[in-house]
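Please open the model in your viewer and keep the sequence at hand.

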Amino acid sequence: MDRKKQAAVMAAVTAYMTDLEAVRSGQAADGSPICSKEPCGRGVPTGPGFNLWGLTGRQVMMQAGTMMQLRMFK
């Protein structure tokens with residue numbers, strides 16, 4: 001790997017780690033708080049969240065069905 005690519009990768013990893021630490025500590029990079037201490041009135045639902053890979057797979061299957069209905073495969 002040449003030096004420019006290696007430097008770009010290291011800078012990206014460092015920036016990601018810095019942002020992650022800021023989020024965990026609750027402060028943005030400029031020192032301002034990320035979230036306010038007041039409740040927003042709406043709770044965040046608990047749970048595992050959504051499955052990005054599953055969602056993408058479902059979209060692909062739906063597009064394939066649409067293509068078959070439009071008789072794009074001959």
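Begin by selecting residues 52-69, which form helix α2 in this predicted model. Its 18 residues, at 1.5 Å a residue, should span 26 Å, and the end C-alpha atoms are 26 Å apart, so expectation and model agree. Step next to Arg-71, which follows α2 and has a positive phi, near 55°.

Now select residues 3-25, helix α1. The same check applies here: the 23 residues of α1 should span 33 Å at 1.5 Å a residue, and this agrees with the 33 Å between its end C-alpha atoms. After α1 comes Gly-26, where phi is again positive, near 85°.

Return to α1 and select Val-13, which lies in this helix.

Finally, select the whole chain. Its secondary structure amounts to two helices and zero strands. Of its 74 residues, 1% count as buried. The accessible surface comes to about 7,500 Å², and carbon and sulfur atoms account for 63% of it.

Technical notes. Residues numbered from 1 in each chain as written. Predicted model: local features only at pLDDT ≥ 70, side-chain atom pairs only at ≥ 80, totals over all residues. Heavy atoms only, no water. Helix = DSSP H or I, 4+ residues; strand = E, 2+ residues; numbered from the N terminus. Buried < 20%, exposed > 50% of the residue type's maximum accessible area, 1.4 Å probe, protein only. Areas by Shrake-Rupley, 256 points an atom, 1.4 Å probe, with all protein chains shown as cover. Expected span 1.5 Å × (residues − 1).
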